[in-house]
Each structure stands twice: as C-alpha cells, then as structure tokens.
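Hi everyone, thanks for making time this morning. I'd like to walk you through one structure, so please have a look at it first.

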Amino acid sequence: MLALQYRTIGSAPEVVEIETPEPGPGQVRIKVSAAGVCHSDEFIMSLPDDQYVYGRPQTLGHEGAGVVDMLGDGVEHLELGTSVAVYGPWGCGQCYECSKGSENYCTNAARYGIVPPGLGAPGAMAEYMIVDSPRHLVPLGDLDPVKNVSLTDAGLTPYHAIKGSLAKLHAGATCVVIGVGGLGHVAVQLLRAMTPATVVALDISEDKLNLATEVGAHYTFPSEQGTVALVRDLTHGEGANVVFDFVANQATMDLGQAMIRPQGDQVLVGVGAGVLPVGLMAGAWEASIRSPYWGTRPELIEVFDLARSSGINVHTEVFSLADAPKAYEKLKNNQILGRAVVVP
C-alpha cells in the first residue's frame, strides 16, 4: 500500500510503498477515507535528531477516518463496513483516567510505550491503518469523513480546552482566540455554539481574520501588541475573561497575559515554546494558566453531535495521497486556510 512517511531528519515526508498491515489480536484495520494535516506533524518534523523521539520511518496522520475493513481475533460488536473516526490519544484502558474515557491523560501510556497514531504509532496517511483497540473508534454515522475527519483533533482539542473554562464564559463575558488556523477557526464556532460570550479573534493573516468573521467571531483584530488596548477598550478596561492561545509562542503568550482580567483563564493550546512569569505580582490577580492536551473519548462523541446539530465544520482543502507532501509544504509556508485533508 501507499503511505506518507517521515523518513529522514530534516527532509520532507515521502510517499512510499509499504506492506499492507494485518490486524493482530484485539486490533482493527480500517481502509482510510481521510486524514488531517496538522501543525503538530510539522512541529515534530522540525525537531533536530537529538530531540526527535517518534521513530522512523513514521507514517504520519493523527487525524484519521475510514471504513472498518478487517477485525483481529477477539474483536466483537463491530461490523465490517462501518464508517468510523479514530480517537487519537491512545491509553492503556485500565487506569483511572482511561476508565473515565480520559485516555489523553493516561497515567500508564509512557510506562507501557503507548503512543498515538502518527506520533509514534503508524498513522492515517496511508491506504490502510491499524487501530490498536475498537474502543478507539467512534462511529461517524451520516457525517462525511472528508469534511469531519479533522474534528478528531482540530475539533476535539479546542472543545476540551473550552469546557475547562465554561464557568467563566457566561453572558457578558469576552473571550479571545489567538491564531485562527486549523484549530482556532473551529474554536470560534464552538464558542459561539456553547457559550453566550463575545468572541474576539486575533491573527496576523487577513485571510484568516476574514475566515474568523465568516465562522462567527464578533470582532477580529491583528495579533500585535497594540491589540491589548483594543481588547481592554472593548471590555470597558477590564480585559478578557478567557484567552485561548492556539499558537503559544513568546509573542502570543505575552499578548494573552497582558489582556487577561483578574480571575481570568489563559489557556495555552498551541505547541509553541514560550514562557510566562508567574507569581503574585506577575499578572492579573488570581488569573489561571492551563495547558490542556487533546480531549477525551466522550468529548469526541459530543463534538460529532455538535457537528450534526449546530453545523460545526472544518474549512478544508483536499489533497490526494500522492500530493500529500505538497500539503505539508503549503502548511509550512502558512498557505493553508483551515485544515488540509488527505484522501487516499
């Protein structure tokens, strides 16, 4: 089968021919319908050799959807031909967090060497994919896999981040979304669907600010230091109740901290490497800083339900598997509006 793999440190991913995998006991093979292209992939491929820990060759793709194609021994209650999405942050299935469906916070994953698809395990950028357990599959039902595959991360991750701050997103509240890319433009939609808060979107790209307006942002401003005054003017000098930072580099983290009001939340979702001062005199009184990771299995089901009931959707640009390297090149050059999706 064909697969997109990261094979050489510092080089672009390659489409290669590899052996079609067979499911082992308890595993499921899916025929891939679609796979999302994420900045996290670009991030790991930018790492130097001494920091890269994901294995090579690495079949990319931690956002995956497909059709159940073959069942390993012992797999029950799953029909061949079922359209499914893959829940990505795999866990042990036995610890307390996993028992709640919070496999994104599995306490045994590192110890047992359990890694997500596309980020250690073979991912969805291939014609077929092995899923380690049927519990990591969520039926898509009537949802289009190409249009909705990226909800497994670009929807689930902001949804999980937003749920942690829902108590502060009441009527009259203001929230700021920094970075209106693959995750950020979905976050705007989720905030409008889940809360009565005023949504302000920031980005350095005019096209992305226009997209933010199209998907429901009340206000859009350029992501620059002068925007702090605009947000404070908008909130009568008080600042934002919650800032969701989908970039999390030094500039955006400093920007977010400067516009948070007392008791506000600064939620760092992006994979940037900025740092923030903390302490009694470092920022607004009783402000919290959180770094949530991905989301839970029940939350993924909820995200798909929102896609059905509230029209949450991902702005997608579709590529064939043969053209997948071009998708990553465009992503690296900041030329993707929304999310790139690869269809084998």
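This is a predicted model: local features need pLDDT of at least 70, side-chain atom pairs count only at pLDDT 80 or more; totals for chains, interfaces and linings use all residues.

The chain splits into domain 1, residues 2-153 plus 295-343, and domain 2, residues 156-290. Their C-alpha centres lie 27 Å apart.

So what does the boundary look like? On the domain 1 side, 26 residues are in contact with 19 residues of domain 2. About 1900 Å² is buried between domain 1 and domain 2, and carbon and sulfur atoms give 62% of that area.

There are also 2 salt bridges between domain 1 and domain 2. Have a look at Lys163, please. Lys163 pairs with Glu302, with the closest N and O atoms 3.2 Å apart. Lys163 sits in helix α5 and Glu302 in helix α10, so this pair ties together parts that are 139 residues apart in sequence. Lys163 also meets Glu299 in a salt bridge, at 3.9 Å from N to O.

The structure holds 16 salt bridges. Another one joins Glu97 and Lys100 at 3.3 Å, N to O. Which of these two is buried, and which is partly exposed? Glu97 is buried, because its relative accessible area is 19%, whereas Lys100, at 42%, is partly exposed.

Last stop, the surface. Leu280, Met281 and Trp285 form a nonpolar patch there, with about 430 Å² of accessible area together. Leu280 belongs to the loop between β13 and β14, and Leu280 counts as exposed because its relative accessible area is 64%.

Thanks, and I'm happy to take questions!

How values were computed:
Residues are numbered from 1 along each chain as its sequence is written. Side-chain values use heavy atoms; hydrogens and water are left out. Patches are made of residues with over 30% relative accessible area and no salt bridge: like charges are joined within 9 Å, nonpolar side chains (Val, Leu, Ile, Met, Phe, Trp, Tyr) within 5 Å. Accessible areas come from the Shrake-Rupley method with a 1.4 Å probe; for residues, only the protein chains shown count as cover. A salt bridge is a side-chain nitrogen of Lys or Arg within 4 Å of a carboxyl oxygen of Asp or Glu. Helices (H or I, at least four residues) and strands (E, at least two) are DSSP runs, numbered from the N terminus. Buried means under 20% relative accessible area, exposed over 50%, partly exposed in between (1.4 Å probe, protein chains only). Domain bounds come from an automatic or database domain assignment. Contact means heavy atoms within 4.5 Å. Buried area is the accessible area (1.4 Å probe) that two parts lose on being put together, summed over both.
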